[in-house]
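Student: I've got a model to look through before our group meeting. Can you take me through it with questions and answers?

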Amino acid sequence: MYSEEEIKKAAKDIINSEKIVVLTGAGISTESGIPDFRGKDGLWTKYDPEDFTYSRFLQNPAKYWEMSVELAEFLLTAEPMPNPAHLALARLEELGKLKCIVTQNVDGLHQAAGNTDVIEFHGNLRRVVCIACGEHFPHELALEKAINGELPPLCDNCKGVLKPDAVLFEEPIPRHALERALQEARDCDLMLVIGTSAVVYPAAELPRIAKERDSYRASLFGFSSQSRVLDYTKGAKVIEINAEPTPLTGIVSDYLIEGKAGEILPKIVKEVEALLGY
Ligand code: APR
């Protein structure tokens, strides 16, 4: 459980940083009612992630659509709202203390909260893409087709199969998102890592690259590495805000503030406002 000292320490680190990048995962949206994947009631306790690989989608797109209708229906009909954690990050941007958010989430809640520079590392469930012609459509159109029995939903242009524009396992990260996220991780002097189990790559590599700047770890992305030894002395500061420790804790992150993001982030932002004289 977190302490007031940790809240104050994080606020001071934010004030003393120039280029702050945030990496978020599903844990930041659970307080909006959207289940995460690996937490105690996560989606992977109900579904098999193997069913959500690109090859499985191609084998049986109809089955994928039947499974994903439940999650998509929830997202698009329950209209989940940004929670205090999302709103706190929007305020941090307003205060000039947040450069951009790299999110693994596909729910669009950071943009709904007001953040203007959001890198969607795993795409966005609110769009679908035709796997034949590459045309994009709003998810509602495909969902309506699926609910009316058109399984899989087909492209109005070319009758190709429509796929949610979220990145499935085995699919590449959208090139523009990958390159921008890498650059931001290498340029930042503080990375807040919020609501992610940090077990899915390459997203989980970003805090290491921030910590390492662009030496050893960057070699994973085809950059020449200066040394094989992890030198964490000169990199960015990395602060985790998560309900539980992760593989980053104690190794890559400088410290973990353990608890609910929806409680912790508003307290940190309040402290930042006080330090800025608001
Ligand atoms: N506040 C803080 N942390 C939370 C909260 C909360 N309210 N709720 C859950 N968490 C934590 C969980 O304890 C867990 O450590 O957030 C983390 C969420 O981890 P995952 O469910 O693994 O989600 P994420 O890290 O985003 O998964 C990465 O895996 O399945 C793929 O593509 C999917 O983008 C996803 C990727």
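**Around the ligand**

Student: How many residues are around the ligand?
Tutor: A residue counts as near if one of its heavy atoms lies within 4 Å. Glu31, Phe37, Arg38, Thr196 and Ser197 come nearest, and the number around the ligand is 23.

**The sheet and its helices**

Student: In what order do the strands of the open sheet run?
Tutor: Helices (H or I, at least four residues) and strands (E, at least two) are DSSP runs numbered from the N terminus, and two strands pair if DSSP finds at least two bridges between them. The sheet has 6 strands with parallel pairing, in the order E3-E2-E1-E7-E8-E9.

Student: And which are the edge strands?
Tutor: Look for strands that pair on one side only. Those are E3 (118–120) and E9 (255–258).

Student: At what angle does H1 run to E9?
Tutor: Axes are lines fitted to C-alpha atoms, for helices over the stretch in contact (heavy atoms within 4.5 Å), and angles run from 0 to 180 degrees between N-to-C directions. H1 (residues 4–15) lies across E1, E7, E8 (237–242) and E9, and its angle to E9 is about 130 degrees.

**Buried spots**

Student: Is Ser253 buried or exposed?
Tutor: Ser253 is in the loop between E8 and E9, where its side chain makes a polar contact (N or O atoms within 3.5 Å, one able to donate a hydrogen and the other to accept it; residues adjacent in sequence count only if both atoms are side-chain atoms) of 2.7 Å with the side chain of Glu240. Leaving out residues up to four places away, Ser253 also touches Val238 and Leu248. The cut-offs are under 20% relative accessible area for buried, over 50% for exposed, and partly exposed in between, with a 1.4 Å probe and protein chains only. Because its relative accessibility is 6%, Ser253 is buried.

Student: At the start of H4, which residue's backbone nitrogen does a side-chain oxygen of Asn83 reach?
Tutor: The buried residues of H4 (residues 84–94) include His86, Leu89 and Glu93, and what covers them includes H1, E1, E7 and H9. As for Asn83, its side-chain oxygen comes within 2.7 Å of the backbone nitrogen of Ala85.

Student: What is the omega of the bond joining Tyr201 and Pro202?
Tutor: Most residues other than glycine have a negative phi, and most peptide bonds are trans. Pro202 is in the loop between E7 and H8 (206–212). The bond from Tyr201 is cis, with an omega of about 5 degrees.

Student: What is the phi of Ala198?
Tutor: Ala198 is in the loop between E7 and H8, and it is buried because its relative accessible area is 5%. It isn't a glycine, yet its phi is positive, about 55 degrees.

**Confidence**

Student: Over which residues is the pLDDT below 50?
Tutor: For the protein, the mean pLDDT is 90, and 90% of residues reach 70 or more. Where pLDDT is low, the predicted coordinates should not be read in detail. The stretch below 50, which has 8 contacts beyond near neighbours in sequence, covers residues 224–228.

Definitions and conventions:
Residues numbered from 1 in each chain as written. Predicted model: local features only at pLDDT ≥ 70, side-chain atom pairs only at ≥ 80, totals over all residues. Heavy atoms only, no water. pLDDT = per-residue confidence, 0-100.
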